[in-house]
Amino acid sequence: MAHPLTNAQIADSLEELGDLYELDGADRHRVLAYRRAARAIRESSASVAALVGEGRARELPGIGQTLEAKIGDLLAYGEIPAAVALKQRYPAGVIALTRLPGIGPKRARALFTDLGIDSPAALRAAAAAGRLRTERGFGPKFEANVLAATAQELTGGPSRVLLPRALELGEELVAGLLDSGPPAANAQIAGSARRMVEAVGDLDLVATADDPAALADAFAALPQIEVVLQSGPAAVRARTHMGLDVDLRLARPAEHGNLLQHFTGSAQHNEALRADARARGYHVSEHGVSEEASGRLHTFAEEQGVYSLLGYRPIPPELRENRGELQAAREHGPGLPELVRERDVRGDLHCHTVASDGRAQIEEMALAAAARGYEYLAITDHSASHGFGKAVSPAQLRDQIERIHRLNSSGLGIRLLAGSEVNILPDGSLDYDDDLLGELDWVIASIHTSFRLSEQRMTERLVSAMRHPAVDAIAHPTGRLIEQRPSYALDRETLFEVAAQTGTFLEINANPLRRDLSEQDARAAAQAGVLLVVNSDAHSTEMLALLRYGIATARRGWLRAADVANTRSWEELQRMGKRGRRMPPAS
DNA sequence: GCCGTTTTCGGCCCGACTGTTTTCAGTCG
């Protein structure tokens, strides 16, 4: 095909077309259909361009005949004709208006058609001149808000923060609420942070109190709060000094379960839950579940009450993304997997010491890992050609192997594995020779250079590494950095197929900036028969605790303990991987 | 535009808050 686009590029095009239809006043369900389709494409582990080529695009949820044809046009001609026509009527700056707070498609369209405003800059100028209030439905308050919003936008605007910062702030605020004068009976983190997503755009809290108004006042007085943006009897929205907005929702204790369920989301999960409930005569909101026939309202102090009433088994927050969890959790459905837990992990197979770019000695890492209850820890410093920080020469690595063997016989309380994080060079070869690699207990290979290879060359590079008999696992297999850098070009289906064939483990790197494989890729890999390992990639003793974020990704990818090899003993893990295939079977 | 325990047409989640209105539309989550 003429334009081999990535899933992200196809999704962007459909989202843009949805925005254009919305500006044009299309039925909102039609617009939502474009957004749903874009999300399914973005989350697909398989190449959607390839699916379209095979005539299989309609296997994706939310893709029907029309969208399949439009994606086909996009791939064949590089553009969707309907989008080209609409873009002539609405300049790109009009869509940009809808990104400003308080401006949606209706207002953007009115501003453009009646006042000729075609960009945020033009809007700002019109607000400064007091021209906006001449339009019906707009007043001086709106002009003031525009000036404030565009000023912030010009200085970069708020961006999403990684999960650890959001959780840290959330825990501080929850503690503040619980300690505040008027008693909060309960306060907890909800929203996307509770679902353990990668990065959050704002923080959601729920609290119960017999006097909600007093609790709202106490919230506004917490030292983390910079300014209250909105305030009502049931909700407070505020900006923190960190720049992250916080929504606090308040309810009486008897409705806490309803509120927590609602406010944990995701929006897509709730939407599907409510549609399903509605078909069976229930209306679901944060205030309760009402029966259509009798009008009876069911409220619950515990969240599970909502799910039980509607006929669902418990659904862990990490799964609430409308990715099949509702169907699986139905009382007569197939059931949800028993998700892997942090305490199932028996060893960490990726960490660094002062030998390369880590901060601690081997002994310190070993003691910290033993304190976490691990049975084994692989020391995997960077290999010879790493290029930044200290590189470990072959002679230094041989010394380190000796040192680890000595430590193992000295009774540390944990088994240390002599390992390395070996660079995969652009041609797919490794930067230690095979003899040296053969002396190691554990080899994890990864890419740290030449990220811009073509999809074909990058895939071949990784395939070569996985076919190498000494390579046990691939670390951070896609190279993405959350909110900073997308994955390098890569054929994931081939990656998973070869990993399964060769018995190479794929890592879920737990560093909160990586979480690589992603949840979608991890789920697709496991379905393809790949075994995963969840590792901290710790560069200090404290960083061993980052494992929780890798476990969160594994859980969001529907993985069970059986899908994660380092929930097994070291002996068992070896048998499950490539080493097991080159050893004679145990009699 | 999609989809089917509502099944090829007629539905598609629900409420809070704001700023405007003169009883409510628009936006947001």
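Colleague: What makes one face of strand E6 covered and the other uncovered?

Modeller: This is a predicted model, where local features need pLDDT of at least 70, side-chain atom pairs count only at pLDDT 80 or more, and totals for chains, interfaces and linings use all residues. Residues are numbered from 1 along each chain as its sequence is written, and side-chain values use heavy atoms, leaving out hydrogens and water. In E6 (residues 235–240), Val-236, Ala-238 and Thr-240 make up the covered face, while Ala-235, Arg-237 and Arg-239 sit on the uncovered one. In a regular strand, side chains alternate between the two faces of the sheet.

Colleague: Why are E6 and E7 called paired?

Modeller: Two strands pair if DSSP finds at least two bridges between them. E6 and E7 (residues 245–251) have five bridges and run antiparallel, so they count as paired. Arg-237 stands opposite Asp-247 there. E5 (residues 225–231) also pairs with E6 in the antiparallel sense, over five bridges, with Val-227 opposite Arg-239.

Colleague: How do you know that the length of helix H18 fits?

Modeller: The expected span is 1.5 Å times one less than the number of residues. H18 (residues 394–408) has 15 residues, so it should span 21 Å, and its end C-alpha atoms are 21 Å apart, which agrees.

Colleague: Which residues of H18 are buried?

Modeller: Leu-397, Gln-400, Ile-401, Ile-404 and Leu-407 are; buried means under 20% relative accessible area, exposed over 50%, partly exposed in between (1.4 Å probe, protein chains only). Seen down the axis of H18, the buried residues fall within an arc of 125 degrees, so they line one face, the arc being that of the directions from the helix axis to the C-beta atoms. Exposed Ala-395, Asp-399 and Arg-406 are on the face turned away.

Methods
Chains are lettered from A and ligands numbered from 1 in the order in which they are written. Helices (H or I, at least four residues) and strands (E, at least two) are DSSP runs, numbered from the N terminus.
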